[in-house]
Amino acid sequence: MSRIHGLIDEAARVPSIGRIAFTGGEAFLLGRDLDTLIARAHALGFETRVITNGYWAVNEAAARTRVGALLEAGLDEIMLSTGTFHQRFVPVERIVHAARATTSAGIGTRIAIETCDQQSFDETILRERLGDALAARTLALSHDPWITDAGGRGETALTHERLRAGGGARADGSCAVIMTTLAVTPGQRLIACCGFPLEELPGLEIGSIADRRLDDVIRDAPDDLLKMWLHVAGPMGIAQTVAEYEPGFVLPGDPVSICDACIALQRDKRAMRVAGEHAALNAESIAGTFVALHSRHPDAARTTALAL
Ligand code: SF4
């Protein structure tokens, strides 16, 4: 716990970081320690966000009490995750209790619903029981594609034919997350993104913070062409360049989201070899685009958030 407090202090030495997000695992398993971490981040001037499955909101009173303590600590935003797979363990009623308590407390709230062919979650209960908060825009619902675990954990292979048929599968475009949001893994590795597969793609790692200060590791991080290229062109853009030199190349698995495409790209040895060669050849152009983006939108290409 003292290391997490230390990381918050170290993040305060990086002027561009404005938000600390507590993600877990399940951040609420920290109990009251979560409140003290939020309070520390809040006292240092950070916006604070927490991501949770809402298991703790067992009834309305319990949700109100827990949220009251978080509000006092300085929590600004909460994301509640739900869907078929979450429902095996956490009934949707708890999401309703949690969202009602957080929206009433004025905490920005989003409910993220798993999306894949294997889900059968009926969100009617959310729309019916939280309709007033949705109408008032104090609550948002989002549908996030869930992808098969990149590390091979889990028993179910997830598919997205319905999403594809509805035109909702989007894997193209630049990655706005890489380098703007950093994440710390349980093994104290600093990663340049907070996408689903962050622990599985060594190319996204910045370095270990086990024995070094976070701000020192960020300051000393070398310019990395792959990360810059992902930032300005995204994985599909890099795959297009690979295909120019390797005719017929397509990313395997027909990616359903940008992170899905990122996994496919970084796991393909041939693609990474060709991308590495051409990143070096196109270094000036990649770095130039990155710098131009940075000068037009100062926050677009620098670290603004840390996920713990
Ligand atoms: S596209 Fe890649 S770099 Fe960007 S958030 Fe997803 S996994 Fe991270």
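Trainee: Why is the crossing of α3 and α5 called right-handed?
Mentor: The crossing of α3 and α5 falls in the right-handed class. This is a predicted model, where local features need pLDDT of at least 70, side-chain atom pairs count only at pLDDT 80 or more, and totals for chains, interfaces and linings use all residues. Residues are numbered from 1 along each chain as its sequence is written, and side-chain values use heavy atoms, with hydrogens and water left out.

Trainee: What makes α3 and α5 parallel, perpendicular or oblique?
Mentor: Start with the values. Helix α3 (residues 60-73) packs on helix α5 (residues 92-104) at about 45 degrees, and their axes are 8 Å apart. That angle makes α3 oblique to α5. Under 35 degrees is roughly parallel, over 145 roughly antiparallel, 65 to 115 roughly perpendicular, and the rest oblique. Axes are lines fitted to C-alpha atoms over the stretch in contact, with angles from 0 to 180 degrees between N-to-C directions. Helices are DSSP runs (H or I, at least four residues), numbered from the N terminus.

Trainee: Which residues make the contact of α3 and α5?
Mentor: From α3 come Glu-60, Ala-63, Arg-64 and Val-67; from α5 come His-97, Ala-98, Ala-101 and Thr-102. Contact means heavy atoms within 4.5 Å. By class, there are four nonpolar, two polar and two charged residues. Nonpolar covers Ala, Val, Leu, Ile, Met, Phe, Trp, Tyr, Cys and Pro; charged covers Asp, Glu, Lys and Arg; the others, Gly among them, are polar.

Trainee: How do you know the orientation of α1 to α2?
Mentor: Helix α1 (residues 2-11) meets helix α2 (residues 32-43) at about 15 degrees, with axes 10 Å apart. That makes α1 roughly parallel to α2. The crossing is right-handed. Ile-4, His-5, Ile-8 and Asp-9 of α1 meet Thr-36, Leu-37, Arg-40 and Ala-41 of α2. Four of these are nonpolar, two polar and two charged.

Trainee: And what makes α10 roughly perpendicular to α11?
Mentor: Helix α10 (residues 225-245) and helix α11 (residues 258-267) pack at about 95 degrees, axes 9 Å apart. Hence the label roughly perpendicular. The contact includes Leu-226 and Met-236 of α10 and Ile-258 and Cys-262 of α11. It has 10 nonpolar residues, one polar and no charged.

Trainee: Which residues are closest to the ligand?
Mentor: Nine residues surround the ligand; Cys-175, Ile-178, Cys-193, Cys-259 and Cys-262 are the closest. A residue counts as near if one of its heavy atoms lies within 4 Å. The shell has nine nonpolar residues, no polar and no charged.

Trainee: Which domains supply the shell?
Mentor: Domain 1 (2-218) and domain 2 (225-300) each give at least three residues. Those bounds come from an automatic or database domain assignment. The domain centres, taken over C-alpha atoms, are 26 Å apart. Their contact takes 27 residues from domain 1 and 26 residues from domain 2.

Conventions
Helix = DSSP H or I, 4+ residues; strand = E, 2+ residues; numbered from the N terminus. Left-handed = near helix turned anticlockwise from the far one by under 90°.
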